[in-house]
Amino acid sequence: MASLVTRVTLFCIFFAGLSVQALVTTDTLPGGINSPGFRYGIIGNAHERYLGDGTLMSLGDAKSLVLDTDSVKRMNPDTQKLIDVLNSFGDGALGDKLNFGVLRVRTMPEVKYFAPIFSRGITDKWTVAFGFPVITYKNTISITQEYSNIAYYREQFKGLSPRMDAAFNINLAKATNEALQAKGYRALNHRDETFLGDVQFVSVYKFYETRKSAMIYMAMLGLPTGPAYDPSDLMAINIFGRTTLSNMVAYSHRIGSRFSLMPYATYLLNVEDKVTARVPLNEEDSLPDINSEQTVSRSIGNTAVIGSNVFYELSDSWTFGAAYEALQKKENHYRGERDSRYDLLSKNTQSAAQRVKGEVTYSTVKSYLDKSAKVPLMFSFEVSDVIAGINFSRQFLQEMNLVLFF
């Protein structure tokens, strides 16, 4: 146990293309030592997204739909008759001035995860681990109609005919879901789901070590045990069911008696797979119907991450850490056997992000070795936030991590 310093971090999950993990270190477990752990995290603010120009925007605003007469006619054919009737009153073209406003879909997604982890030191320099992330996904959804003058028209012309009253009283939330279901999509409603994410296996090898410095290589294999990609569910997370291989090299150097600096670089490889996708007919086909479904080969763009951690050891029990990292993800690519617009599936799939982290860790390892603590353990609490990005969702993470040793 003497070589077990203050921290061992071995497991991460991937959410929306960004590695969600505690601050990594170059520590490994001593040979023959086992370490069960439990990680619990909450990811919030995922309803906000950095657009292609870097602007942070609520998804409800970014995906809002201006309800011109053409779009409303597709939802309710009686709208054309309503416009024609209103235009027949006087010469003011009242029907053409009818404004249905803006349809806004507001979402409040929240992801929680609980991950049992087991690690073992094969030798003093080589540690392996595996984890089973259990994901709880909740999303509160509401559809609202704003900035419309239809209330004024309804008040002025109500009672002229049952058909006109029905057109005035169109329920756009209901009409939206009916239009989506007619295309084969799942209705937009509240979600509360729990499922197993992608199981991960980790290997950490320390290939260089001196009194003040160390270097590790960490490989992490993610298996597609989570839910498969669902093209008919607009509210699905759709980032599980993938085979991935993450490669990290990290270097740590002690500065003085209390500070240490640890730069690192990670490259995440995605294995090509086959999924069912809805291929758009053209640039305007934002919601392809179910007839557009076909099996395609999917190559998700690989992700490169660079960052650095800094640690301050206040005492044998308390350590504080901070980190900054930046990532870039390449564009996705799709192939199929038909003469279809597979290039449109790749639109806005290239992304970038910058993230900051802070962490506090409490450890009884030193006290246990001194026989003043009964159980060797570490408990940490981390917060992190995506502070800038392109085509990337904002993610505010709060995570607790408990690790035991025997």
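I began with the surface: the accessible surface of the protein chain comes to about 19700 Å², of which 57% belongs to carbon and sulfur atoms, the areas being taken by the Shrake-Rupley method with a 1.4 Å probe, and for residues only the protein chains shown count as cover. I noted that this is a predicted model, in which local features need pLDDT of at least 70 and side-chain atom pairs count only at pLDDT 80 or more, while totals for chains, interfaces and linings use all residues. Residues are numbered from 1 along each chain as its sequence is written, and side-chain values use heavy atoms, with hydrogens and water left out.

**Confidence and overall make-up**

I looked up pLDDT (the predictor's confidence in each residue, from 0 to 100) and found an average of 83 for the protein chain, with 76% of the residues scoring at least 70. Over residues 1-20 the pLDDT is below 50, although this stretch has 95 contacts in the model beyond near neighbours in sequence; a contact means heavy atoms within 4.5 Å.

I then read off seven helices and 23 strands for the protein chain, where helices (H or I, at least four residues) and strands (E, at least two) are DSSP runs numbered from the N terminus. Of the 406 residues, 47% are buried, that is, under 20% relative accessible area, against over 50% for exposed and partly exposed in between (1.4 Å probe, protein chains only). Among contacts between residues at least 6 apart in sequence, 69% join residues at least 24 apart.

I traced an open sheet of three strands in the order β5-β4-β22, with antiparallel pairing; two strands pair if DSSP finds at least two bridges between them. Because β5 (56-58) and β22 (392-393) stand at the edges with a single partner strand each, one side of each is left without a neighbour in the sheet. Strand β4 (residues 48-50) is joined to β22 by two bridges, and Tyr-50 has Phe-392 of β22 as its bridge partner.

I found another open sheet of three strands, in the order β15-β16-β19 and again with antiparallel pairing. Its edge strands, β15 (273-278) and β19 (333-335), each pair on one side only. Neighbouring strands of this sheet are turned by 45° against each other on average, direction ignored, the axes being lines fitted to C-alpha atoms, for helices over the stretch in contact, and angles running from 0 to 180 degrees between N-to-C directions. Between β15 and β16 (residues 293-299) I recorded six bridges, with Val-275 partnered by Val-296.

**Strand β8**

Six bridges join β8 to the antiparallel strand β11 (residues 200-209), in which Tyr-205 stands opposite Trp-126.

I placed Glu-313 in strand β17 (residues 303-313) and found it buried, with a relative accessible area of 16%. Not counting residues up to four places away in sequence, Glu-313 touches Arg-254, Arg-258, Trp-318 and Thr-319. Its side chain makes a polar contact of 3.1 Å with that of Arg-254 (a pair of N or O atoms within 3.5 Å; within protein, one must be able to donate a hydrogen and the other to accept it, and residues adjacent in sequence count only if both atoms are side-chain atoms).

I placed Gly-222 in strand β12 (residues 213-222), where it counts as buried at 2% relative accessibility. The C-alpha atoms of Gly-222 and Leu-245 are separated by 6.3 Å, the two residues being 23 apart along the chain.
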